[in-house]
Every structure is written in structure tokens, then in C-alpha cells.
Amino acid sequence: MERLTFQPGAAAAIDDYLEYKRIVGEDDGGKLFTPDEYEQYKKRVLPIRLQNRLYVSWRSPTGIDCKLVGPETPCFCSHRYKQHKTDFEVIPKERPISVPCRVSRCTCKSYNFVPLNGTQPIRCRCKHFADQHSPATGFLCNVCSKCSGFHSCFTCGCGQPAYSHETVVETKEERLAQGKPVGHDVPYAAMGGLTGFSSLAEGYMRLDDSGIGAPSAQFLEAPVTNMDNPFLKAFQGPSSSMQAYSQLTDGSTSTTMKVSSLRRSEEDDMAYSERQYQARLKQEKITNADADPGTLQLSKI
């Protein structure tokens, strides 16, 4: 097995390059900026990018953002979102906002998301794929003459057909007005609708609607109240849990069994099943001893 070695500082250089690509994208035309050009670029572009970021999503008629578009998300024209115009000094007033493709000779007038069936492209009702249609307005088929435009009956995970969805381009203010997450302001190019790791999941699977990561320490350390979920109250801190356990065990053995039946957060399936089995054996011994005191005396000898 070949062993790779790096010179001191190589890892830091790679991190700097990745940071450069996330900020500059393809604005350098394939030739790296000099340090001075890079600093001038950041002074000019970053204030605009932080203020006028556009959020792009593929939205169902029910209002769910089934897909949040990121830099590498492909468009109907087969080019990625980062290859479209994403930085605006002044956000256009007309709606919908057009995000045209910047690739030479591409006729795409605005970014338009097309879903995949797993890893496979979806077909139009004319039986041809999306890349066999024109990316120009109308999305006419280049293979057949009967197609009036790309129209797929593929069903999204949200239960709605693909043709009922629409690609939405909106500003931060418009998104906040709808109560949708906007994440933190970042200097990176073509972030689209990504606001956190949960943004990578499909809309019906996305459990964290904030999309900005873990809650604050203040929220996590807040005391458990009666309004919280019963499982959260059962798994609160050790001291309070032991107090609750002792209060319950002062009552009856049935209450004790109910407490022991609660699954602990650190247990896997085997450990949980074994603990329940041992608790049941112990409870049977206590029950038998109460029924026959002589058995308990013999067990002690």
C-alpha cells in the first residue's frame, strides 16, 4: 500500500484553496486570482452577496420546499446552479426573478430544477429525457414533433406530481415573510436555498426546519417543564431522574416496572431487551417470595 506524505502546511494550503473556490466559484475564468486581485474581488462582491442573496427551491403546491438548490444542483439545461448568474448588485423588481445560465451558447433563460428518480433521469410524457428537450422557454422536445413541452408525471416524495411543482427564486425578506428558514449570511457563491445540513434532505424528510444546526446551549440546558414531551421528562438529568425514580418506587412495584420499561437514550436493542428480561426475572422472584416466605428463607441459606 502506497503511503502519502504531505509537506508541512499542505493541509492549510488545501483549506485555503477550497475557501477560494467557494467564494470565487468560476468568476476567475479558470485562472487563479493573484492575492491582490482576490482581495479586491472580496471587497467588491462579498457585501453584495451578503445583502442580496437569492434563495432557490423546488416547491410543491402544498408549500413544501421539496428540494433546496445548492451550488452543484443541476438545472434543466444540464448546467449547475453555480454556472448561472447568482450575484445581483440590485435585485430585479420583476417576478419571477430570472437566473440565466452564463455558459456560452446555452439558451437557458433562468434556472429550472428537474428532479431525478433516485439516480436516474425522469422522462417526459413523450418518453424522452429532459436533456433531449430544449432548455429555451417552452422546453420543446428535440427528438419528436408531437411534444408541446416537457411534462413529467413522475411523483415526488411529497405525493405530488413533478409538473405541479415550480422552481422558486426569492429574496431573504420574501422568505422570512413566509416563515421559512434563511440560515446565516455567508460569503460563498451560489448557496441558493442551502441553510444547513438538513437542507440536503428532501422536504418530506427534513425534520429540522431551521436548517442552521444544533440549538443553543441555553435552550439545551433549560429546565424540563410539564409542557415538554414525556420522554424528555423521563430522560432528564441523572439527579432529577433518580429523584423521580425514588418517588415512584415508594409507591408500588407496578409503578417501578413502568419506570424500568422506559428505554434509556444510550441503550441499543440488545441491551434494552436484556435489561427488561432481568427486571422481569427479579420481579417474578419477589412475587414468588411474597407468596411463599419460606422460599425466600431457603434462598438466603
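**A walk through a predicted protein model**

Hi everyone! Among contacts in this protein between residues at least 6 apart in sequence, 54% join residues at least 24 apart; contact here means heavy atoms within 4.5 Å. Before we go on, this is a predicted model, where local features need pLDDT of at least 70, side-chain atom pairs count only at pLDDT 80 or more, and totals for chains, interfaces and linings use all residues. Residues are numbered from 1 along each chain as its sequence is written, and side-chain values use heavy atoms, with hydrogens and water left out.

Let's get our bearings. The protein has 9 helices and 5 strands, which are DSSP runs numbered from the N terminus (helices are H or I, at least four residues; strands are E, at least two). Of its 301 residues, 30% count as buried, meaning under 20% relative accessible area with a 1.4 Å probe and protein chains only, while exposed is over 50% and partly exposed lies in between.

Now look at helix α2, residues 35-51. What happens at V45 in α2? A kink of about 35 degrees lies there, shortly before the proline P47; the bend is the angle between axes fitted to the seven residues ending at a residue and the seven starting there. V45 is also buried, as are Y38, Y41, L46 and R49. The buried residues of α2 pack against α1 (10-24).

Next, the hairpin. Strands β1 (residues 54-59) and β2 (residues 65-68) run antiparallel and are joined by 3 bridges; two strands pair if DSSP finds at least two bridges between them. S57 stands opposite L68 in β2. Between the two strands are 5 residues, and G63 in the turn has a positive phi of about 95 degrees.

On to the inside. The largest nonpolar core has 30 residues, and L54, Y81, Y111 and F150 have the most contacts inside it. Such a core is a set of buried Ala, Val, Leu, Ile, Met, Phe, Trp, Tyr and Cys residues joined through side-chain atoms within 4.5 Å. β1 gives the most to this core, with 3 residues. Apart from it lies another core, of 7 residues, among them Y20, I23, Y41 and L46.

Why does T171 count as buried? Because its relative accessibility is 6%. Leaving aside neighbours within four places in sequence, T171 is in contact with R53, L54, Y55, I91, R95 and I97.
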